Amino acid sequence: MKNEPKIRIKGFEGEWKECLFGSIMDCFSGGTPQANEQTYYGGGIPFIRSGEINDNNTSLFLSEKGLIYSSAKMIEKGTLLYALYGATSGEVSISRIKGAINQAILAIYPYKEYDKYFIKCWLEKNKAYIISTYLQGGQGNLSGNIVKSFILKTPQEIHEQRAIATYFRHIDSLIETADKKLASLKQVKEASLQSMFPKEGQKVPEVRFKGFEGEWKTVQLCDCLEVSKERNLDNKYGIEDVLSVSDDSGVTNQIELLGRSFAGKSVSNYGILHEGEIVYTKSPLKSKPFGIIKRNNYKTGIVSVLYAIYKPHIDISSAYIHYYFSPSWRLNNYIHPLVNKGAKNTMNISDETALMGYIPLPPTLSEQRKIASFFVHLDKQIAIAQQRLDLLRRIKSACLNEMFV
């Protein structure tokens with residue numbers, strides 16, 4: 001088998017060469033000052049840790065503790081850094097600042113015949129192999145000597161290395177831009193979820209759509225929703241119609257989400273959840289230990305009797321309820337006073353009791369819908385941004401596999 005990649009940049013040919021990694025670079029790792037050596041800390045020298053190295057190269061490498069003086073060696077901005085051990089073992093990035101590195105980082109300085117960014121991409125492409133070979137599936141540590149023993153496959157000419165590096169720089173730039181846009185949209189949503197609903201003790205929100213006025217009212221949730229007792233007694237819906245509810249995906253088909261159905265042989269006692277209705281799951285999550293409240297934006301299906309189903313009153317937007325309870329802190333503050341946790345971490349709360357808390361409500365249905373519409377549009381933008389980021393990462397992964405030997 002020839003040492004040539006499946007995909008080649010036009011104008012280049014010939015087999016790639018193999019060389020020992022240690023023969024094409026200089027490298028060193030850093031160190032960590034002792035915690036009791038106070039003279040080391042409190043200064044302006046950034047101290048870079050391995051946990052700050054990531055594969056999308058977006059870390060700013062800023063540390064909580066700066067150094068006044070360090071016996072650890074300094075690295076310059078633009079240095080190729082490789083995480084030897086810890087949670088980010090096998091990750092590679094390029095430093096954006098000058099600073100000191102800890103002992104879990106290897107600073108790599110390729111000789112002039114080898115392109116730094118090409119080496120970065122080669123390490124990214126071979127990450128899974130390196131971890132499985134040297135870390136026994138993730139356990140253990142790399143070292144400078146292990147890294148030096150890697151067998152690098154590279155084009156004969158540095159011009160081809162640079163051409164490949166330029167291509168991946170462009171992809172990484174697109175990924176970084178997409179990542180920042182996604183983060184920005186999520187920040188807008190987080191801020192809006194706080195500012196577009198009144199804070200405790202207030203009658204109006206900080207941010208309000210033009211044309212709406214008047215004080216908001218505080219109402220019990222039972223004035224907005226009523227418990228649905230509709231059951232699948234005639235077996236109109238089957239196992240393929242069972243729905244699951246997750247914090248990230250909302251209401252979706254269980255088989256599509258989890259790969260199979262977890263329902264029993266009979267689903268005749270399952271509750272029917274129509275599109276537009278509200279469902280409350282009483283299964284604890286780490287960030288939402290009292291369960292989650294979601295609107296069914298999916299088609300009509302059935303859910304376990306462990307879920308509470310609610311029909312919205314005619315003057316209530318269920319989408320407004322959905323977004324009001326979206327932040328974990330707000331949902332937890334609402335449910336916590338109403339629930340009793342059982343000995344096995346079960347939620348001792350009836351479907352009716354879950355409606356006994358109070359929420360703020362705009363004076364008109366049209367304002368409820370306007371707020372909900374804003375967040376629906378924002379969620380669509382977030383989904384599009386996430387899809388673009390995922391696509392770019394898949395493209396990069398595919399190109400790494402096809403453009404390297």
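This is a predicted model: local features need pLDDT of at least 70, side-chain atom pairs count only at pLDDT 80 or more; totals for chains, interfaces and linings use all residues.
**Figure 1. The largest cavity and its lining.** The structure has two cavities of 30 Å³ or more, and the largest has a volume of about 50 Å³. Ser228, Arg231, Gly271, Val303, Ser304, Val305, Tyr307, Ala308, Ile309 and Asp351 line the largest cavity. Its lining divides into five nonpolar, three polar and two charged residues.

**Figure 2. The salt bridge between Lys153 and Glu18.** The structure holds 21 salt bridges. In one of them, the side chains of Lys153 and Glu18 meet at 3.7 Å, N to O. Lys153 belongs to strand S10 (residues 151-154) and Glu18 to strand S1 (residues 17-20), so that the pair links distant parts of the chain, 135 residues apart. Lys153 is partly exposed, with a relative accessible area of 23%. Glu18 is also partly exposed, at 48%.

**Figure 3. The salt bridge between Asp247 and Lys294.** The two side chains meet at 3.2 Å, N to O. Asp247 is found in the loop between strand S13 (243-246) and strand S14 (250-253), and Lys294 in strand S17 (residues 292-295), so the pair ties together parts that are 47 residues apart in sequence. Asp247 is partly exposed, with a relative accessible area of 24%, whereas Lys294 is buried, with a value of 7%.

**Figure 4. The salt bridge between Lys311 and Glu277.** Here the side chains meet at 2.6 Å, N to O. Lys311 is in strand S19 (residues 308-312), while Glu277 is in the loop between strand S15 (271-273) and strand S16 (278-281). The pair links distant parts of the chain, 34 residues apart. Is Glu277 buried or exposed? Glu277 is buried, because its relative accessible area is 5% and buried means under 20%. Lys311, at 26% relative accessibility, counts as partly exposed.

**Figure 5. A network of salt bridges.**

Key. Residues are numbered from 1 along each chain as its sequence is written. Side-chain values use heavy atoms; hydrogens and water are left out. On a 1 Å grid over the protein atoms alone, a cavity is a set of points where a 1.4 Å probe fits but cannot get out, and a pocket is an open set with protein on both sides within 12 Å along at least five of seven lines; lining residues have an atom within 4 Å of a point. Grid points are joined across faces, edges and corners, and a volume is the space filled by probe spheres set on the points. Ala, Val, Leu, Ile, Met, Phe, Trp, Tyr, Cys and Pro count as nonpolar, Asp, Glu, Lys and Arg as charged, and the others, Gly among them, as polar. A salt bridge is a side-chain nitrogen of Lys or Arg within 4 Å of a carboxyl oxygen of Asp or Glu. Helices (H or I, at least four residues) and strands (E, at least two) are DSSP runs, numbered from the N terminus. Buried means under 20% relative accessible area, exposed over 50%, partly exposed in between (1.4 Å probe, protein chains only).
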